[in-house]
Amino acid sequence: MLPILIYGTTLGFTLALIAIGLSLVFGVARIINFAHGAFFAIASYTLYLFFITLNIPLPVSMILALVSTAAISVIMYIISLSRVRGMELNEMIITLAFTIIVIELLRIYFGPSPLGVPSFMKGGITIAGYVVDMQRIFIVVISLATLAALAFLVKKTRIGIGMRALAQDEDAAMLIGVNREKMCIISLAISAILAGIAGISVTPIMTASLEGAWYALLNGIAIVILGGLGSLVGSLIAAFIIGYAEIIIATYVSSHLKSIVALIFIIVILILRPSGIMGRHHEIEERV
Amino acid sequence: MKSRKESNKNIRTIRKERLDRGARARSKDLYVLMSYEDIAYVILPRVLPPLILLAFPLIVRDTYWHMVFFLAGYYAVASMSWDLLGGFTGLVSFGHSLFIGFGGYFTAILNVWYGVPIWLSIPIGTLAGAAMGTLIFAPCLRTKGVYFSLVSLVAPLVMVGSILAFAEITGGEEGIYGLENPLTELQWYYIMAGLVLITFLILRKVAYSNFGLVLQAIRDNEPSVKVSGINPVRYKVTALFISGLFASLVGSLQAHKLSFVGPSYFYLSISVGIITMSVLGGVATIIGPAIGAYILTILTEWLRWLGGLRMLLYGVILLILLNFKPEGIYRYLERTYQTFERQVVEE
């Protein structure tokens, strides 16, 4: 029971970081970002590049990895996404094409096999007779810190207020003087950083792999639908539901069936409550 | 200011004028029959491509190229069926390979494990595959197209995982071997060429009928469709099933031709290939995706040395096309065929 709780919690935090970024971009910029999984993979691989290949100290290479992930997301927005704003279908296809390009380039440069990175901290803590390694503690701590920072950013700062205004009513926000393009870029960069933090912190456990991008995207999508598109709290709750469910299925049934959990959750929630667990229904009716 | 005007007056500017070439011929009137030139103008683009398609094996006797054209036809049918969803209904499917895979697997299970003969296993497998795919996608049709796109990306990835999990039915990683394949390459070529033509005729009929009009209305403005007293969900499910039918049929044919099905039928590269071909040929034109499929399949076959870089090629093509040339090849061809440019001297 305890292992499930521990693994589920770490997975839940990781998935929460991934899904909240996806949800944020949808809420603020109205972009369904299929390139989100690519950000996850970019962060893992750039960490490997800086930390292992170039031998830069860990904290510096973490920051470099995050910065490069954010920079790539901004470049993606500027060179191609900004041209097709408002055309939803083209946005989706372009972000998917971007994911494919990134994954193929990573495959060319780093090779197809997964790359391992050593744990950031050695040792472990014993909780109720079960040893929890420091990496998982690190994931939980860094995720909590990130979520707190994100909550502060969204609730208190000028940028966050602008974002929330855009999410509530785009026209009114722009009328007041919120710079929509700037906010879209900032929200995309923040979401890339969130995915990047998730990618970096799980790299020692999961290794930097190309499948990681699809795994992150698949679960991110499932969580965002389960929690309600654009709802950050809903994503947080749904991330833990899916995290625990996956661990339970992987432990008791089969690890191959892990991914089917996501699809079953999506289909059930779309039948029972299409707006998601935290989505407000009238708002969804308008948007969806 | 004055001098500029004067200088403008003196220089004779040349501009391009674009004239409609076939206005008389395209008026769908008896005028068409006035000259052989007009008759040829109307008939040639409709008759020549199918003739080339049917006469191709007589000109090129290399079996290898028959196989390439079979593959191109496979993609053509799949992308035309994608176009009914993505182009006409506004449901962009990122996982059209789901239908292909279901069609292939159902056919294989029927043929190999229950011994159903080929002429029964293909239709039953096709129907079952389309029904199964529709069943999975149907819940997301109550909401806007975004949900459909999200789920359609997830579903085939999940199916690959489930195939490995239920290895005793699906054969796992190795797939199912030994489907009945009584036909030669040339016969498969003609089956596929016929299927491409029939699919085009049927899908064009569907897309430009009243049914297709409702689909386009759903794409452009779903609330207005609801207000008109039409249930959009029913139309979307029907469109999904029709589209799935063709994709599933292609999968089941492929399964019999290769005598093999495996998880590769569900791979994302197939879905992305279908999208790339449709965008290349021109979305919402039905014939466009088929043109795109033939061009891109032959191109990738020609660039075989790229090997695993095929996906990269698809991604780059998609990115460039959607940013700079979203109209697609077919619309460009149509425009240049129906108009001609000439230079006019302006006084």
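Good morning. In this model, 35 residues of chain A are in contact with 36 residues of chain B, two residues being in contact if their C-beta atoms, placed from the backbone, lie within 7 Å. The model is predicted: local features need pLDDT of at least 70, side-chain atom pairs count only at pLDDT 80 or more, and totals for chains, interfaces and linings use all residues. Residues are numbered from 1 along each chain as its sequence is written, while chains are lettered from A and ligands numbered from 1 in the order in which they are written.

On the side of chain A that touches chain B, the elements giving two or more residues are α4 (88–110), α9 (211–227) and α11 (258–272). Helices here are DSSP runs (H or I, at least four residues), as are strands (E, at least two), numbered from the N terminus. The largest share, 12 residues, comes from α4(A). That side of chain A divides into 27 nonpolar, 5 polar and 3 charged residues; Ala, Val, Leu, Ile, Met, Phe, Trp, Tyr, Cys and Pro count as nonpolar, Asp, Glu, Lys and Arg as charged, and the others, Gly among them, as polar.

I turn to chain B. Its secondary structure comes to 15 helices and 4 strands. The axes of α3 (residues 63–89) and α12 (residues 268–281) of chain B come within 9 Å and cross at roughly 75°. α3(B) and α12(B) are therefore roughly perpendicular to each other (65 to 115 degrees). Among the residues making this contact are B:Trp82 of α3(B) and B:Met277 of α12(B). The contact comprises 5 nonpolar, 4 polar and 1 charged.

Terms used: Axes fitted to C-alpha atoms, helices over the stretch in contact; angles between N-to-C directions. Parallel < 35°, antiparallel > 145°, perpendicular 65-115°, else oblique.
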